[in-house]
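Here are my notes after a pass through this one. Have the structure open beside you as you read.

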Amino acid sequence: MNIPKIPLADWIGALETWLETHLGPLFKLIKVVVGETVGGLNIALDFFPPLVLIILFTAAAWFLGKWRMALFTFVGLLIIDNLGYWSQTMQTLSLVLTSALISVVVGVPVGILCARKNSIQNIVTPILDFMQTMPAFVYLLPAVSFFSLGVVPGVIASIIFAIPPTIRMTNLGIRQVPEELTEAADAFGSTPSQKLIKLQLPIALPSIMAGINQTIMLSLSMVVIASMIGAQGVGSYVYRAVTQGNTGVGFEAGIAIVILAIILDRLTQNAIRRTKKA
Amino acid sequence: MAIIEAKKLTKIFGADPKKAIPLLDKGWSKEKILKETKLTVGVNQANFSIEAGQIFVIMGLSGSGKSTLVRLLNRLIEPTGGQVLFNGKDVLKMTAEQLRQFRRKHVGMVFQKFALFPHRTVLQNIEYGLEVQGINKSKRREMAIQSLELVGLKGYGDSYPEQLSGGMQQRVGLARGLASDPEVLLMDEAFSALDPLIRKDMQDELLELQSKMKKTIVFITHDLNEALRIGDQIALMKDGSIVQIGSPEEILMQPANKYVERFVEDVDLSKVLTASHVMAKAETITNERGPRVALQLMRARSISSLYMVDREMRLLGVITADDAARALKEGLSLESLTQRDVPTVSPDTLLNELFELMGNARLPVAVIGENGRLKGIVIKGAVLAALAGNTEIEAGVKA
C-alpha cells in the first residue's frame, strides 16, 4: 500500500503566507518596537566613551559582588576595547538586553498564568519544549519573511529560543510557595492579585531571577546565529571568520562574547543572591 | 445565641462528591463509601453550635477530619453539603467578595506551622490582614503594635520570623490572627509544633488572653490533655464524624461509647480533675451550738474533728474532739479553742497541685469557694481513689 507523504512543509508554508498577509500590520508594529528598543539602547551605550562605561560596569560589579568580580569586569572590558570590538560588543549587548527585556515582559506573566491554572500549564509546556528543541536556525526563516533582514528577526529568534527558562522558572517559583503560606494569605481575605503581589512574587523572586539569568545566557548564545540574517555585533565577526576560515579573528571575537557572557552571568547571579538575602 | 452553628456540615473528597451525600444519610460508613464509590469522607454531617466567648475544642487523631472541619468554617475548603451559620448568616451563600470581607474582619486564623511570611518583618506579618483590607499605613501599624504587645513581643516588630524561636513565632501568628480584632479565632493545632513546656506557657497565655478579650475560639488539637485543659466544650472526632460533644468532665466521666472511653483512659487525671471533683461534704458546726453538741456530733459520726463556720458557712477553723472536751470542762467557747491554720484550696485546684499540700497536712484540706464559703473537704483517700478511676467519683460529679 502506498500512503502518500503528509504535505507538512506545504501546510506550514501556507500558514506562513497566511500570517504574512493577515497579520502584516502586527508584524510591522513589532518590528518598529523591537527595532527602536535595540537602536535606542545602542545609541545610549554608544553615547558614553568606552572608559566611562567600563568604570560603570566595574562599579556595578563591585556593588553587587566582590572585588574579584569587579577586577574581572574591568580587565575583561579593557581587553574587548583593546582588541577593537567595543562598538560591536555594545551592539551585541543591545540585542541581548532587548531580547532579555522582552522575554521578561512576556515570560513572567505567562509563567504566572501557568502557575494559576494547570490547563494553561499543560498547553504551554509542550510549546516551550518545541521552542527549545527545534534547531534555532529554523526560526530564522519565518523571522526573515515576517521582519526582513536585520537585527529585528535576530531578536525575535533569540526570544523564541531564550524565553522558556523565564516562563518555566516563574511557574515553578510560584508553585513552590509553601501551601500553608498561600492558605494563610487566603485565610486573611486576600484577593488573588494581592496574594500574587504580596506573597507569591516576592517568594518566587530568586527563582524568577534564575530564569532570567538563563534567558540572558541563551540569548547570548544566539548572537552568532542572529548575525547570519544581518544582525550587527561581535557575532557577525565570528560568522565571517567561520566563512573565511580565519581562526585568529574567530577566537578574538569569540573571546569578546565569552567575556560579555561571564560578566552578565555573574552580575545577575549576584543580583539573585541579594534578593535571597533580603 | 450561638455565634457559629454547623448543620450537617459535610466534606467529601473525590470526583462528583455530591453523590455520596444520600449514602451518608442512609448511614453508610466511611469505609463502605470509599470501597463502593472511591470517594473519601472528610467530614461526615457534623452538627454543633458554638456560643460566643467559648473555647470550642475539636479533637481527634490525625486523619479524623478535624483540620478539614475547621477549614470548612471559613471555606478554605469548600463544603460539599450542610450549612455554616455565622451569627445566623449562611457562610456558604456568601459571594467571593462577601467571603473575603468575612475572613478579613470576622475570623482570624492561627496555623500549626505558623505560616508566617518569611519575606516580611514581624510587624508586616501582623498587619497583613489589615493591609489587604486597605487600612492606611499609620493606622494599621498602630493596630499591629497593639497586637504585638498583647502577645508579649514588644520590641521584636522589626525582626524577621526566622530570627525568632518557635514559641515566639507562634505568638506572632497569634498576634496576626488577633490584629483585626475578629470575633472568632480559628486555631489549627496551633501549639502542636511547640516544645511541651512552651506549649503549656502558650496555653496559659491563651487562657489569660481569652479572659481579657472574650473571643470565640475554635481550637483544633490531637492532644487530649490540651483539650481538657483549655476547652469549655470538646468535640471528639473519629473518621470524619463527631463522636461526642461535651464539657471536659462529661467527656471524661460519661464517655459516649467505647471509642471515647479508650481515648480517655490514658489521661493523666491529676491534671484534669479538680478539688471539686473529689471533695466530700464537710461536717460543720457553728460557735453558738456549744461544746456539748460538738462532742455529740463527733460521736454520732465517729469523727475526731469538726469545721467551725459562721452562719454564712464561711470557714473559721477546725475544732478537735480533745479541744471540744476541754472547752466543756473549762467552760470555754468553741471559738476560743478553734485551730485556724487549716490548709485551704479553691474548687478549681488541680489534683496534682493538691498532692503537695496534702502531704504536709495533718487535717483534710478545706475547699473554699466564693466569699470564703466552705464547699467541702478533701481527704487523701478520695484523691487516690479518683486517680485510680473509682466510679464513686462519677456519682459525685453528677450530683
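**Notes on chains A and B**

1. I'd begin with one helix of chain B. The cover over the buried residues of α9(B) includes α8 (166-178) and α10 (224-230) of chain B. Cover here means contact, that is, C-beta atoms, placed from the backbone, within 7 Å of each other. Helices (H or I, at least four residues) and strands (E, at least two) are DSSP runs, numbered from the N terminus.

2. Some housekeeping: this is a predicted model, with local features needing pLDDT of at least 70 and side-chain atom pairs counting only at pLDDT 80 or more, while totals for chains, interfaces and linings use all residues. Residues are numbered from 1 along each chain as its sequence is written, and chains are lettered from A and ligands numbered from 1 in the order in which they are written.

3. Back to α9(B), residues 196-213. Its 18 residues should span 26 Å at 1.5 Å a residue, and the end C-alpha atoms are 25 Å apart, which agrees. (The expected span is 1.5 Å times one less than the number of residues.) The buried residues are R199(B), M202(B), Q203(B) and L206(B). Viewed down the axis of α9(B), the buried residues fall within an arc of 105 degrees, so they line one face of the helix. That arc is taken over the directions from the helix axis to the C-beta atoms. On the other side, L197(B), D204(B), E208(B), S211(B) and K212(B) are exposed. Buried means 20 or more other C-beta atoms within 10 Å of the residue's own, exposed means 12 or fewer, and partly exposed is in between, with C-beta atoms placed from the backbone. Just after α9(B) comes K214(B), with a positive phi of about 55 degrees.

4. For comparison, look at helix α4 of chain A, residues 67-83. Its 17 residues reach 24 Å from first C-alpha to last, close to the 24 Å expected at 1.5 Å a residue. M69(A), T73(A), G76(A), L77(A) and I80(A) are the buried ones. Down the axis of α4(A), these buried residues fall within an arc of 95 degrees, so they line one face of the helix. Turned away from that buried side are the exposed residues W67(A), R68(A), V75(A) and N82(A).

5. Which elements cover the buried residues of α9(A)? They include α10 (192-221) of chain A, together with α4 and β6 (107-110) of chain B. The helix itself is residues 179-187 of chain A, and its buried residues are L181(A), A184(A), A185(A), D186(A) and A187(A). G189(A) follows α9(A) and has a positive phi, near 80 degrees.

6. On the interface as a whole, 15 residues of chain B are in contact with 14 residues of chain A. On the chain B side, the elements that give two or more residues are α4 (96-105) and α6 (128-133). The largest share, four residues, comes from α4(B). By class, the chain B side has seven nonpolar, four polar and four charged residues. Here Ala, Val, Leu, Ile, Met, Phe, Trp, Tyr, Cys and Pro count as nonpolar, Asp, Glu, Lys and Arg as charged, and the others, Gly among them, as polar.

7. K30(B) is buried, with 20 other C-beta atoms within 10 Å. Leaving aside neighbours within four places in sequence, K30(B) is in contact with V41(B), N44(B), D239(B) and G240(B). N44(B) is 14 residues away from K30(B) in sequence and 8.4 Å away in space, C-alpha to C-alpha.

8. Now the layout of chain B. The chain is divided into domain 1 (2-106 + 182-267) and domain 2 (275-398), bounds that come from an automatic or database domain assignment. The C-alpha centres of the two domains lie 43 Å apart. Secondary structure comes to 18 helices and 16 strands, and the C-alpha trace spans about 85 × 55 × 35 Å along its principal axes. Of the 399 residues of chain B, 40% count as buried.

9. Finally, the annotations. UniProt (unreviewed entry) places "domain: ABC transporter" at residues 28-264 of chain B, and "domain: CBS" (unreviewed entry) at residues 278-334 and 337-393. UniProt annotations may be inferred rather than shown by experiment. Over residues 28-264 of chain B, the chain is 43% helix and 22% strand; over residues 278-334 of chain B, it is 40% helix and 23% strand.

Methods: Two residues are in contact if their C-beta atoms, placed from the backbone, lie within 7 Å.
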